Amino acid sequence: MYYTSNSLLSPSRPLTRTMSTTTALRSLNIENINPHVREAQYGVRGELAQRSEKYRAQLKKGHPPTPPEDTLPFDQVISANIGNPQQLDQKPITFFRQVLSLVEYPPLLENEEVLRNGLGYKQDVIDRAKWLLSEVKSVGAYSASQGAPAIRESVARYIEKRDGYPSDPANIFLSAGASSGVNTLMNVICSSPQTGILVPIPQYPLYTATLAVLNARLVPYYLEESRAWGTNLQTIKESYQKAKSEGTDVRAIVVINPGNPTGATLTAEDVRGVLDFAAEQKLVVLADEVYQTNVFIGSFTSFKKGLRDLQRETPGKYDNLEVASLNSISKGMVGECGHRGGYFELTGFDPKVAEQIYKFVSIMLCPPVIGQCLVEMQVNPPKEGDPSYPLYKQEYDAIAQGLEARANALYKEFEKMEGVECQSPQGSMYLFPTIHLPRKAIEAAQQQNRKPDNFYCSRLLDATGICVVPGSDFGQKEGTLHFRTTFLAPGTEWVGKITEFHKGFMDEFRG
């Protein structure tokens with residue numbers, strides 16, 4: 001499998017024979033748990049991420065932050081390993097949080113004058129909170145399993161406005177982030193160990209980890225770094241044919257647009273090419289579009305719009321093509337990862353299959369209702385003329401401009417670094433540079449039983465407190481090395497630390 005990482009699991013150790021700790025008296029041990037869970041890997045929160053959290057805890061112990069015998073060469077940890085905006089000081093949108101405060105504690109609505117004059121709440125904040133409460137009753141109560149109907153209607157209106165085509169709320173499922181939607185869809189699609197899903201390499205490890213747990217097959221297709229990490233239809237076809245020849249029942253193709261970890265934004269032609277291939281081979285398209293508002297170069301084209309355009313141009317040919325499109329409140333300028341909200345829309349699915357998807361989500365009762373409320377505000381924010389609009393636009397634009405500025409600053413530093421190549425920032429929240437390491441560094445990595453890019457990232461963390469993710473955790477072409485970094489952290493001082501570390505690393509292993 002192309003998704004690799006150092007295992008987080010270690011063999012069981014002999015324990016003192018007591019009722020509370022004796023391994024022999026326990027039902028579970030590392031050898032008898034579900035082997036597919038044991039084999040799944042998720043490097044974004046793997047060994048390096050866990051070590052960074054130990055360093056963070058160490059720095060919090062006091063002043064000085066660490067005991068003299070256990071000092072660290074840095075005074076803060078930068079978690080550039082994961083797209084977690086608010087952990088890295090991105091401020092919440094005021095409108096969203098004010099509305100949430102009211103739906104979380106409705107008695108605040110009993111004195112609107114205090115809210116307006118004492119706390120600065122605008123009338124549209126109060127009105128939105130009242131409307132949401134009228135629809136969900138209480139954020140502490142279960143909603144319908146598919147999500148609150150009125151919120152799904154707001155999502156449908158957003159999609160219609162974005163794409164110019166109708167959207168039916170009956171085909172929209174609210175979810176606990178896009179990850180929950182991916183898990184739902186892949187559980188329904190993967191019916192046997194022979195089921196395969198085409199996944200872009202490099203890819204977000206959610207897909208390979210989920211396939212591993214489901215005991216299904218990864219069918220990798222490589223993105224083209226020389227084409228700004230775009231898709232290559234011939235490569236996709238070759239991967240598909242190879243998998244079919246090996247007995248794999250290829251059911252679906254995953255496309256991440258804009259890309260994670262690459263940051264690439266697909267052109268409208270790329271989207272149409274994938275859809276045409278999927279229709280030809282009867283594949284479900286899983287369109288991960290959580291970064292759709294994080295676009296710096298070009299414009300975002302949704303797979304739903306691409307499909308509707310093709311159906312309009314060639315009636316009948318694409319009528320049975322199935323597309324599942326996913327979005328989330330965790331990314332974009334919203335960045336509300338911890339509230340776990342998202343949705344997916346089904347297009348072209350057999351109604352009986354949709355019924356089974358509904359049954360599957362019903363097992364988990366419902367997505368978090370507070371997350372559903374945030375989804376509603378994400379797709380239906382203050383509009384021009386609304387009292388909250390000026391501040392909303394100011395905050396939204398500042399976040400967007402800050403992300404682009406930091407992306408470009410990081411890219412320019414990478415351009416200066418020896419042996420580093422990087423595509424210019426296009427979108428999402430990441431850069432995925434290639435690194436060319438000296439032979440001695442590769443040998444040192446082998447001595448530690450580490451992949452070379454993991455060795456580099458490990459040394460970077462220990463020296464600077466900056467946590468990034470090795471490219472090997474996302475998959476990469478044989479003979480290439482990468483790492484993924486977010487550009488979410490505020491300021492640019494941390495970027496200079498990467499440059500300084502890299503120079504020292506290259507000098508250490510040169511020759």
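This is a predicted model: local features need pLDDT of at least 70, side-chain atom pairs count only at pLDDT 80 or more; totals for chains, interfaces and linings use all residues.
The chain has 511 residues. Its secondary structure comes to 17 helices and 14 strands. The radius of gyration is 24 Å, which agrees with the value near 24 Å of a compact globule with 511 residues. Along the principal axes, the C-alpha atoms fill a box of roughly 65 × 65 × 60 Å. Of the 511 residues, 53% count as buried. Among contacts in the chain with a separation of 6 or more, 73% join residues 24 or more positions apart.

An open sheet is formed by seven strands. Their order is E2-E8-E7-E6-E5-E3-E4, and the pairing is mixed. In general, the strands of a sheet pair through backbone hydrogen bonds, in either a parallel or an antiparallel sense. Strand E2 (172-175) and strand E4 (217-222) are the edge strands, each pairing on one side only. On average, neighbouring strands of this sheet are turned by 20° against each other, direction ignored. Within the sheet, strand E6 (residues 284-288) pairs with strand E7 (residues 323-328). The sense of this pairing is parallel, and it spans four bridges. Asp288 has Leu326 of E7 as its bridge partner.

Two helices lie across strands of this set. Helix H9 (residues 233-245) lies across strand E3 (195-201), E4 and strand E5 (249-256). The angle of H9 to E4 is about 155°. Helix H11 (residues 303-313) lies across E5, E6, E7 and strand E8 (342-347). H11 runs at about 15° to E8.

Two packed helices are described by the angle between their axes and the distance between the axes. Helix H2 (residues 47-59) packs with helix H16 (residues 452-464) at an angle of about 5°. Their axes are 11 Å apart. Because angles under 35 degrees count as roughly parallel, H2 is roughly parallel to H16. H2 makes the contact with Glu47, Leu48, Arg51, Ser52 and Tyr55. From H16, the contact involves Asn454, Cys457, Ser458, Leu461 and Asp462. By class, the contact has four nonpolar, three polar and three charged residues.

Conventions. Residues are numbered from 1 along each chain as its sequence is written. Side-chain values use heavy atoms; hydrogens and water are left out. Axes are lines fitted to C-alpha atoms, for helices over the stretch in contact, and angles run from 0 to 180 degrees between N-to-C directions. Angles under 35 degrees count as roughly parallel, over 145 as roughly antiparallel, 65 to 115 as roughly perpendicular and the rest as oblique. Contact means heavy atoms within 4.5 Å. Ala, Val, Leu, Ile, Met, Phe, Trp, Tyr, Cys and Pro count as nonpolar, Asp, Glu, Lys and Arg as charged, and the others, Gly among them, as polar. Two strands pair if DSSP finds at least two bridges between them. The radius of gyration is taken over C-alpha atoms; the globule rule is 2.2 Å times the number of residues to the power 0.38. Buried means under 20% relative accessible area, exposed over 50%, partly exposed in between (1.4 Å probe, protein chains only).
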